[in-house]
Structure formats: C-alpha cells, structure tokens
Amino acid sequence: MTKCLVLSFFLAITGLSSAAPVIAPIANVTVPAGKSLIIPITATVTNGRPLTYTITGTTNAIAIVMHTNDPFWKLNVAQACPGGTAGSFQIPFRGGVATVTNVGDMTFMLFPEYAPNTVSIIQGLLDSGFYNSNTIFHRVINGFIIQGGDPLTNGTGGLVFQYNDEFNPQAIFSGNGQLALANSGKNTDGSQFFVTEAPYRYGDFQYTIFGQLVRGFGVLTNIETTLVDTNDRPLANEIITQASMAPDTADTVITLVATNVAGVTDTITVVADDGAGGRATNTFIATSATDPNSNSQPFFFGNAVTNIVAPVNTTVTNVLNALELDSEPLYWFPFYGTAASETNASLNDVTTNSVLKSLTYNVTNSGGQLQFYVTPAANFTGTVSFLFVVSSSSEWELYYEYDFTLPPYDYMTYNFTFGDTPISGQASPTPPQWPGRFSNLLLATFTNGVAGSSVANFTASIQWGDDSITAGTIATGSAGLKEVLGSHTYTNSGNYPIAITITSALGVTAVVSNTIAVMPPLSLTANGPNMVAAWPAWAYQFGLQSSSNLEGTIWANVTNYPALAGFQNVVSNTTLPGNLFFRLKE
C-alpha cells in the first residue's frame, strides 16, 4: 500500500561529495568465557552515505554476531536550572514550563531479535510522545545506572498494562551503556528503563536487555555524576525533552560470543564501506576470560506452549524449556493459578535435560526441560490456570513457604481451556491515517471454526501502542469470518504497533498483531538561499520524491541522503530547477 504526502515547492536535487568514513577507535575487550559481550561501533561519515560493515575474526572460538538493520532510538536530555543561568532556555514540562540547560543526546540501537515485544511496545510509546517533556531520569547511582521513563517521575508509575520479561542467552550485562527495562518483579515490565554504567552481572536474566548505547557516553557520564539526594534522585531534574526512533546509518553494534575456554585471543577487523569507494578499517583484540560472576539465574527460552485448547475430557501435553548458562541443575515447581483450577484439572509432569547449542559453546542443564500433562475434571468446560516456577535451588518451594528471600528463579503462567475450539485470527490491511479520530476501522478477522457461532460469544481488547486500551467491536464479516473493528484518536504521527486480544466466552484467547501508520508531516521552507525539506525522525523509512506534475504518475526519488538535524530528517539544496511537487513515500 502506497503511503504518501504531497507538497509543492522549489527544491534542487544535487549530488553528494565523496569522502572516506572514519571508524572511531575500538578498545580491546575481555569476553566472559561461555558468555557474551555487546560492543557499539561508531563511524564518522561526511558524505551522508549509509555504511555497510564487514566484521571478521581470526578464530571461530569467539563468534561475531552482527546486528544489521536494527532500529535506533534517540533521546535528548536537559537539566533544570535557575533562571538567568548562562546558556539556559525554556521548555514545556509536565503542563508547565521549565528553565534548563542542554545536557545532550543519547542514541541507542534496539534489539528486536532479543526482545521483539519490548521493542515494539517502546516504539509505540516513542511515536506517541509518551516520554517527551513528561519524564525524567529519577534515579541516578554513580557507577551503576541511570533510570527514567516514569510518567509519575518518582519510580512508581508506568503503563496501563504490564508485560512479560524477554531473555536471550546472548544478552547479559557484561558491557557498558546497556539499555534495559526496570521492573517491580518478574514479568512486570512497563515504561521505565535504565542504562548501565558498568557491568551488572547480578541483573543477568532478571531485567530485559533491549538495546545498547551507541552515541552519547559523555551524556551518560554527565548524568551519572549529577548531585542527588538520599533517594538517588537528582537535585536538578534531568528531563527527557524528546525521544524518538531515528535513523543512524553510520553506526552498528556487534555481540561477541566466546567459547567456554578461557585465554582465547581473537583479532577482529572492522571494515566500513560507503558504497562509493570510501572504506575504513579498524582492528581490536578480544580475549576470553574465566567468568566469576554467575548469578545461577534460570530463564525460560525457546518455548512454544501451543496445546492450550482441547475438547471436553481431553488431556493436553506441552513442553517447557529453561536454561542456566553455567550448567547448573534445574528444578520445577508447578502451582495452580487459582483455587478453581485445582478443582477442575490435574497436572502431571516429567523432567529431562535442556540443551542450548550456541555458536561457540553448549550448555546442558539437568532437569531443564519439563513435559507436562493437564487433564480436566470429568465433563469440565472452561479455563484453568497453572504457574510454572523453575529454579537452580531444589529448596525453592521451602523458601517460598517460609517467606524467606527466594533463591534464583523464573516463572510463567499459562491458561488451558476445555470444551471450546481455538481462535484463528489474522491482521487486516489498515489504510494510512492522519492525526485525529477514526471510527470503526477494520483491524482483524478471525474464526473459531464453528459455523454460525454468535459474535456475542466473543470480546476484543485493543492495545493501541500509545499507552491506551479500549474495547473493540465484534461484527459478522464475509466468508464465515468475524471482524474486529476499533475507534481511536492518535495525536502524533507514527507507526503504531497494535495488539488485538480476542477472547471467547469460555476463555480461549488469541492475540493478533497489526500496525497503523499515522502519516508524518512534510514541511518545505526557505532558509536563506537554501530550500529545506523536513519530516519527523521516526519516519526515516519514508523517502522524498519529486514531480513536475501533481496528477502525473512519474515521481522521481530525490537522491540526496537526508541528514538528521535534531529530531528531523532534512534535505537542503541551493539551486532552484523550477516548480516541483514533493511527497513522502514509504
């Protein structure tokens, strides 16, 4: 589907000069044996061309994982100050005005391959302006972390919903500048995040890592050294003035995954190519070292519990998999999720070993895999719930019963419905929207495989991606499908990830993911002799096109590479070729 916006103006289309990129120095690193290390790589590009990286090593004992085509998040921070302070200016802040001095920008690469749901939710919040001039870094501990993103600014606030942790064996807190979600316990993630200032190995698999600081380490240092009170709150507010997805075609991030043998050395060569003859090369040395920092923390990984709906009097079988990267034995503790579940179903299980085959090492956890069988009570119809705890301690349940500090563990909750049929849903194409209100937009279609089943047997909840949830409307569609329609108001342009949860009367659920594009504005202005085209940073997937005929079909791509100026994509030219129309096209 074509998404475009058209404006008319004079604008020249000129070429770019060629100059070789320059890769910033990369320090030698130590990688924990049998673990990983995330490393940012930055480069300077004067011609604006995007860089392609080739990264190689001298041994396969330290694997190199390239993070290619991952999105970037840019945020700006300003510090509150007294009026009249040199360099101060005013900004809107929480419905009022604050006098501030600029601290600077931080740019992060986000990791949808490690935490896809987290990155999707954060993207929606960024597009909605959730963080802009509304949140601060409310917790700063020098040498440890800076934490922000709370809409209440005191560490107790969050979203209208919570979501589960996401862990990956390659994402541990062995580096610096790692971006992770704060939480108030397992699977309680929201809008709050923190950035590390040093390795934080106690946090491995307790907090979702979803990004890496690439640019702005000086800003991180500036914030971490600010004066704080006894609750670690800065004495002067460190305000997030703006936060947005943004283009970054000069930088990249890699993850090094080391063998479990210490003392392996790898010379790693980084080559950046701008595709126009400009190339730069840099090298650094990575060495594996014995890891003394195990926190014995198990985590769920590689699970797909799919047998959750069955006919009456039918047992369902599923498998859960958990890992602990130092090969410790794991122990399982299933619980009934509700008192009614204990009456209406029984559970049996058997454990086997879990095995992780990584790029450079293998991990086997005795007892790490649980196969379980849920059997409903005779003729029961409805939903039962089970909570599965996995721990590296065989005495975890004893600690739990006596309310002691719990040994390392992870848990997940699953629901099983009997006497119903599965719901199969799919996203419906959504036309581009403009900021404002739309009504009865078709978002998804679904079926439960039962011809003629009433729409009254189902409900739908829509998470709109901007920290709002509303009920959807269920309607009868064509070809035996039912439809989910929704009405909403977006105040900001953006690509909003939405989640539609469909639930039957007996408790069967299905979640359908979709996206709504709210079109970005395009501005064309004169700046002295230059004509400047600008559109929001988040819309870097949109390209600028021109045509001399608004009603024609021939639109040419403007070949200039946009530059990121603040939080705008900008194309600026000096020669006027004539009257042209311009549009953005994704």
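Student: What makes Pro435, Gly436, Phe438, Trp464, Asp466, Tyr496, Ile498, Ile516 and Val518 contacts of Tyr490?

Tutor: Contact means heavy atoms within 4.5 Å. Tyr490 is in contact with these residues when its neighbours within four places in sequence are left aside. This is a predicted model, in which local features need pLDDT of at least 70, side-chain atom pairs count only at pLDDT 80 or more, and totals for chains, interfaces and linings use all residues. Residues are numbered from 1 along each chain as its sequence is written, and side-chain values use heavy atoms, with hydrogens and water left out.

Student: Why is Tyr490 called buried?

Tutor: Buried means under 20% relative accessible area, exposed over 50%, and partly exposed in between (1.4 Å probe, protein chains only). Tyr490 has 2% relative accessibility, so Tyr490 counts as buried.

Student: What is the place of Tyr490 in the strands, and how is a strand assigned?

Tutor: Tyr490 lies in strand E33, residues 482-490. Helices (H or I, at least four residues) and strands (E, at least two) are DSSP runs, numbered from the N terminus. The protein has four helices and 42 strands.

Student: Is Thr255 buried or exposed, and what does its side chain contact?

Tutor: Thr255 has a relative accessible area of 0%, so Thr255 is buried. Its place is in strand E17, residues 252-258. The side chain of Thr255 makes a polar contact with the side chain of His67 at 2.7 Å. Not counting residues up to four places away in sequence, Thr255 touches residues including Ser36, Ile64, Tyr114 and Gln170.

Student: Why is Gly96 called partly exposed?

Tutor: Gly96, in strand E10 (residues 96-110), has 31% relative accessibility, so Gly96 counts as partly exposed.

Student: How do you know that the radius of gyration agrees with a compact globule?

Tutor: The radius is taken over C-alpha atoms, and the globule rule is 2.2 Å times the number of residues to the power 0.38. For 586 residues a compact globule would have a radius near 25 Å, and the protein has 26 Å, which agrees. Buried residues make up 51% of the 586 residues.

Technical notes: Polar contact = N/O pair within 3.5 Å; in protein donor to acceptor, adjacent residues only side chain to side chain.
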